[in-house]
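Subject: Structure handed over, with notes

Hello,

Here is the structure you asked for. Please have it open while you read the notes below.

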Amino acid sequence: MSNFREITPSEFTNTFDMIGKDWALVTAKNGDGCNTMTISWGGLGIMWNKPVAFTFIRPQRFTYGLVENENYFTISFYDEKYRKALQFCGSKSGRDYDKAKECGLTPVYDEDAPYFEEAKLVLVCKKLYAQDLTEESVIAKDETAPFYNGDDYHKMYISEIVKVLEKK
Ligand SMILES: Cc1cc2nc3c(=O)[nH]c(=O)nc-3n(C[C@H](O)[C@H](O)[C@H](O)COP(=O)(O)O)c2cc1C
């Protein structure tokens with residue numbers, strides 16, 4: 001029996017705090033398993049009349065290749081007691097660690113979309129659109145340049161939020 005119930009996207013509030021302050025995990029399938037990484041940039045909104053998530057992933061992340069390969073991934077949110085786990089998942093790579101195991105997170109799968117039993121809220125995302133951000137397209141270069149310093153620009157993914165799961 002699932003410990004989650006389905007709610008609608010309009011039932012949660014304050015995405016500024018959810019993503020920017022509390023952080024989240026982006027999780028995608030990796031073969032028979034999964035890998036996860038922390039995000040604190042992005043947004044939730046409406047595009048093409050659908051509820052969507054905007055996610056920004058740098059190409060050097062291990063998660064990038066996984067999200068590229070899959071049609072579905074999840075964005076999941078956690079209580080403050082998981083801050084250390086999110087710190088770990090945001091500083092170590094799935095190339096070197098089984099991060100779920102290291103952090104005591106239990107993978108569960110909604111078909112092709114992996115998330116963790118410990119989450120309080122899960123957005124199941126279906127990729128709709130992806131585009132590399134480019135330096136040429138930046139308007140306020142002074143404001144964005146400090147975030148790159150020779151690093152590759154992020155790739156933006158716009159994904160339909162096909163399901164929202166809230167811990168019962
Ligand atoms: C608070 C926080 C927020 C982060 N936000 C992002 C983000 O929005 N996009 C991104 O590409 N990396 C972000 N990162 C960095 C990745 O989580 C980090 O590089 C991670 O180790 C990548 O893991 P992977 O190699 O297993 O994919 C963030 C890290 C932290 C700690």
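The largest share of the shell around the ligand comes from β3, which gives 4 residues. Strands here are DSSP runs of E with at least two residues, helices are runs of H or I with at least four, and both are numbered from the N terminus. This is a predicted model, in which local features need pLDDT of at least 70, side-chain atom pairs count only at pLDDT 80 or more, and totals for chains, interfaces and linings use all residues. Residues are numbered from 1 along each chain as its sequence is written.

The shell around the ligand holds 21 residues, and the closest are Phe-62, Thr-63, Gly-90, Ser-93 and Gly-94. A residue is near a molecule if its C-beta atom, placed from the backbone, lies within 6 Å of it. The elements that give two or more residues to this shell are β3 (33-39), β5 (50-57) and α2 (62-69). By type, the shell has 10 polar, 7 nonpolar and 4 charged residues. Ala, Val, Leu, Ile, Met, Phe, Trp, Tyr, Cys and Pro count as nonpolar, Asp, Glu, Lys and Arg as charged, and the others, Gly among them, as polar.

Next, the chain as a whole. The protein chain has 10 strands and 5 helices. Along its principal axes, the C-alpha trace spans about 50 × 40 × 30 Å. Of the 168 residues in the protein chain, 29% are buried (20 or more other C-beta atoms within 10 Å of the residue's own; exposed means 12 or fewer, partly exposed means in between, and C-beta atoms are placed from the backbone).

Two residues stand out by their backbone angle. Most residues other than glycine have a negative phi. Trp-23 has a positive phi, near 70 degrees, and lies in the loop between α1 (15-21) and β2 (24-30). Trp-23 counts as partly exposed because it has 19 C-beta neighbours inside 10 Å. Asn-49 is not a glycine either, and its phi is positive at about 60 degrees. Asn-49 sits in the loop between β4 (43-47) and β5, and is exposed, with 6 other C-beta atoms within 10 Å.

One more loop residue is Lys-92, between α3 (83-89) and α4 (99-103). Is Lys-92 exposed or partly exposed? Lys-92 counts as partly exposed, because it has 16 C-beta neighbours inside 10 Å. The C-alpha atoms of Lys-92 and Gln-60 are separated by 12 Å, and these residues are 32 apart along the chain.

Regards
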